[in-house]
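Here are my notes for a first look at this structure. They are set out as numbered points, to be read with the model open.

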Amino acid sequence: MDDAPRHHDDVPHPSQRRRGNGFLRAKLRHAVLTRVADTLTLGVLGRRHHAQPIVARTVEVRSAAWPREYDGLRIAHVTDFHLGHLMPAARAIDAVERVAALRPDILACTGDVVDLELDGAGALLRAMAAVEARWGHYLVLGNHDHLDDGRALAALAGRSGMQVLHGRVVETGHARSPLRVGGVDWGRTVGAQSAAVDALPEVPHLLLAHNPKAFRAAAARGVPLTLSGHTHGGQVALKGRPRANLSFAHRLSAGTYHQGPSALFVSVGAGAWFPMRVHCAPEVVLLTVRSG
Ligand SMILES: [Fe+2]
């Protein structure tokens, strides 16, 4: 008898999901950008994409506002897996395990766990929650996470052991001087993200926001460090110039930015919308945060 542990993701049947208006549009766009492109290139694009390794990168970020007690804090920052046709669960879980081996204190996922359907997300969410990180495992949702059923995905993440930060600030770290970790849900514009940041009940030390457009309000509120994804660094950049990329809608598209004592780190993410990344390797990141 097979007595291996079983997991029941218990997600709503596709016919019961609260699909956003964008679901069918996204599905069509996905088909054109991936399957058609793959057919036209006789599968070369897809094969290259799946052979391209996800890099586990280490980055040091400095923030003058970062609390001294947490100088040297290590954060595994993972984002934009886009689980689905271009990202099998095994590839995503392997990337999570490699950043876990770098011994983080916190795991932070800034959204787009799935590309379209939420089916199969449970295994990845459980892998993230299983990372040995003494001060917790946090998630905010991205725009893609809302396409199929954002509420169901958030519920699944919670059952998997992740803390979903939807407009919340939680305390972790040392009891005598806790570290506040907050998160805002997806919003498309600077205005939407600013409203979400302004609505946080208190100022977090660490803010998770899928969209880097949250940084304007985060810096205005004096948030020491904001982590984002969403841009994928444009997926295509000029050699040696990661910010000269196709993410034209984003001024803050890749790497570390500072405004006053506040810092923002934008990861180019692990996954893809289309099966191509040029001078913009898919990544998971171990951040070491330095105060001063
Ligand atoms: Fe994304």
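1. Start with one side-chain pair. S267 and E283 are joined through their side chains by a polar contact of 2.8 Å. S267 sits in the loop that runs between strand 13 (262-266) and strand 14 (283-291). Is S267 buried or exposed? S267 counts as buried, because its relative accessibility is 1%. Keep in mind throughout that this is a predicted model.

2. Next, the metal site. Which residues donate to the iron ion? The protein donors are D80 (OD), H82 (NE2), D112 (OD) and H232 (NE2). They lie 2.0 to 2.4 Å from the iron ion. Along the sequence, the donor residues follow the spacing D-x1-H-x29-D-x119-H. D80 is buried, at a relative accessible area of 0%. D112 is buried too, with a relative accessible area of 0%.

3. The geometry of that site needs a comment. Why is the arrangement called irregular? The angles subtended by the four donor atoms around the iron ion run from 83 to 171°, so the arrangement is irregular. For four donors to count as tetrahedral, all angles must lie between 85 and 135 degrees. As a reference, the ideal angle for four tetrahedral donors is 109.5 degrees.

4. Six strands make up an open sheet with mixed pairing, in the order 6-7-8-9-13-12. Which strands stand at the edges? They are strand 6 (168-172) and strand 12 (255-259). Each has a single partner strand, so one side of each has no neighbour in the sheet. From one strand to the next, the twist averages 20°.

5. Look inside the sheet at one pairing. Strand 7 (residues 179-184) and strand 8 (residues 206-209) run in the parallel sense, paired over four bridges. In strand 8, L207 is the residue opposite G182. Strands of a sheet pair through backbone hydrogen bonds, in a parallel or an antiparallel way.

6. Stay with strand 8 for its side chains. L206 and L208 point one way from the strand. L207 and A209 point the other way. All of these residues are buried. In a regular strand, side chains alternate between the two faces of the sheet.

7. Cysteines come next. How many disulfides does the structure hold? It holds zero. The closest cysteine sulfur to that of C109 is in C280, 17 Å away, and so too far for a bond. A disulfide would need the two sulfur atoms within 2.5 Å. C109 is buried, with a relative accessible area of 0%. C280 also counts as buried, at 7% relative accessibility.

8. Last, a residue in a helix. R29 is placed in helix 1 (residues 22-40). Its relative accessibility is 45%, so R29 counts as partly exposed. R29 and V268 are 239 residues apart along the chain, and 21 Å separates their C-alpha atoms.

Methods:
Residues numbered from 1 in each chain as written. Predicted model: local features only at pLDDT ≥ 70, side-chain atom pairs only at ≥ 80, totals over all residues. Heavy atoms only, no water. Donors = N, O, S within 2.8 Å, 3.2 Å for Na, K, Ca; no water. Tetrahedral: all angles 85-135°; square planar, octahedral: opposite > 155°, others 65-115°. Buried < 20%, exposed > 50% of the residue type's maximum accessible area, 1.4 Å probe, protein only. Pairing = 2+ DSSP bridges. Helix = DSSP H or I, 4+ residues; strand = E, 2+ residues; numbered from the N terminus. Axes fitted to C-alpha atoms, helices over the stretch in contact; angles between N-to-C directions. Polar contact = N/O pair within 3.5 Å; in protein donor to acceptor, adjacent residues only side chain to side chain.
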